[in-house]
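Here is a friendly briefing to read alongside the structure. Keep the viewer open, and pick out each residue as it comes up.

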Amino acid sequence: RLDGLAVLAGDNLNLDTVRLNAAGVIRGQVSLADQGNASGTVVLVEGTAQAVGADLLGQYRLGSVQSGSAAVLAIRAGYDMARQELTVPAGGEVPANIELQLATAKVIRPLQGVALLAGSSEERGIRVAVIDVHGLYGDAGAEVASALTNDEGRFALEAPVGVYDLVAAAAAYTPARLTSFCVKPEDLPREEPLEVGLLALF
């Protein structure tokens, strides 16, 4: 069944293409190895801004996920990040139950990147902050770390494993925001900085 699909006179409709492009659903249960309450655990589709928190029973649902190969990440303070690969069926649903193991240590990763001001050659002093939008380590929206750029616009800071928004701000400019930036323990050797990329302010 295809709801809300309009076909104009003279158009050719390829149903195979429609099916391939249809979104699917990922649904599952989060459990903790120590039998704790998994409520609030953040589950997201890797590489996207699609994220939800597990409910009081540890259950979650991610809707409108692009069909095809995908991976879900489950993140909770005090536990190792879990990752599960799966295939999302077009117009269907796939289960993904995840168990989180207690972390032996809190993993802190160095981050680095560049923030630039459009129309300006002065790059020093742009403030870049890591925002815990999902409340992994405290209140949702709290600042985890911040740094100021140097003369070349480069910044360096550290953040624990998690999913964050990075916000660059400077007076008289609209803040630049990079959403759902994922800091994973296996990205690189832990002593090597994880490259954030460019944040441009206009």
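Let's begin with Ser120, which counts as partly exposed because its relative accessibility is 25%, and partly exposed covers the range between under 20% (buried) and over 50% (exposed). Please keep in mind that this is a predicted model. The chain has 202 residues, of which 37% count as buried, and it contains one helix and 15 strands.

**Ser120 and its loop**

- Ser120 sits in the loop that runs between strand E9 (108-117) and strand E10 (127-132).
- The side chain of Ser120 comes to 3.0 Å from the backbone nitrogen of Glu122.
- Ser120 and Phe202 are 82 residues apart along the chain, yet 9.8 Å separates their C-alpha atoms.

**The chain as a whole**

- Among contacts with a separation of 6 or more, 60% are between residues 24 or more positions apart.

**Ser67, a buried loop residue**

- Which two strands does the loop holding Ser67 lie between? They are strand E4 (59-66) and strand E5 (68-75).
- Ser67 counts as buried because its relative accessibility is 14%, and the cut-off for buried is under 20%.
- A polar atom of the Ser67 side chain lies 3.0 Å from the backbone oxygen of Ala22.

**Phe155 in strand E12**

- Phe155 belongs to strand E12, which covers residues 154-160.
- Is Phe155 buried or exposed? With a relative accessibility of 3%, Phe155 counts as buried.
- Beyond its neighbours within four places in sequence, Phe155 is in contact with residues including Leu111, Gln112, Gly113, Val114 and Ala115.
- The contacts of Phe155 also include Val128, Leu148, Thr149, Val196 and Leu199.
- For Leu111, which is 44 residues from Phe155 along the chain, the C-alpha separation from Phe155 is 8.3 Å.

- Tyr164 lies in strand E13 (residues 162-169), while Thr179 is placed in strand E14.
- Tyr164 counts as buried because its relative accessibility is 0%.
- Thr179, at 41% relative accessibility, counts as partly exposed.
- Tyr164 and Thr179 are 15 residues apart along the chain, with their C-alpha atoms separated by 6.7 Å.
- Thr179 and Leu166 are 13 residues apart along the chain, and the distance between their C-alpha atoms is 6.6 Å.
- Not counting residues up to four places away in sequence, Thr179 touches Tyr164 and Asp165.
- Leaving aside neighbours within four places, Tyr164 is in contact with Leu178, Thr179, Ser180, Phe181 and Val183, among others.
- Elsewhere in the sequence, the contacts of Tyr164 include Val130, Ile131, Asp132, Tyr137, Val144 and Ala159.
- The side chain of Tyr164 also reaches the backbone oxygen of Pro160, at 2.6 Å.

- Most residues other than glycine have a negative phi.
- Ser64 is not a glycine, yet its phi is positive, at about 55°.
- Ser64 is found in strand E4, and with a relative accessible area of 61% it is exposed.
- Ser180 likewise has a positive phi, near 55°, in a residue other than glycine.

**The largest pocket**

- Rolling a probe the size of a water molecule over the atoms shows where empty space is left.
- How much space lies in the largest pocket? The volume is about 230 Å³.
- The largest pocket is lined by 17 residues, and those closest to its centre are Tyr79, Asp80, Ala103, Ala105 and Val107.
- Sorted by class, the lining of the largest pocket has 11 nonpolar, two polar and four charged residues.

How values were computed
Residues numbered from 1 in each chain as written. Predicted model: local features only at pLDDT ≥ 70, side-chain atom pairs only at ≥ 80, totals over all residues. Heavy atoms only, no water. Helix = DSSP H or I, 4+ residues; strand = E, 2+ residues; numbered from the N terminus. Buried < 20%, exposed > 50% of the residue type's maximum accessible area, 1.4 Å probe, protein only. Polar contact = N/O pair within 3.5 Å; in protein donor to acceptor, adjacent residues only side chain to side chain. 1 Å grid on protein atoms, 1.4 Å probe; cavity = no way out; pocket = protein on both sides within 12 Å on 5 of 7 lines; lining within 4 Å. Points joined across faces, edges and corners; volume = space filled by probe spheres on them. Nonpolar A, V, L, I, M, F, W, Y, C, P; charged D, E, K, R; others polar. Contact = heavy atoms within 4.5 Å.
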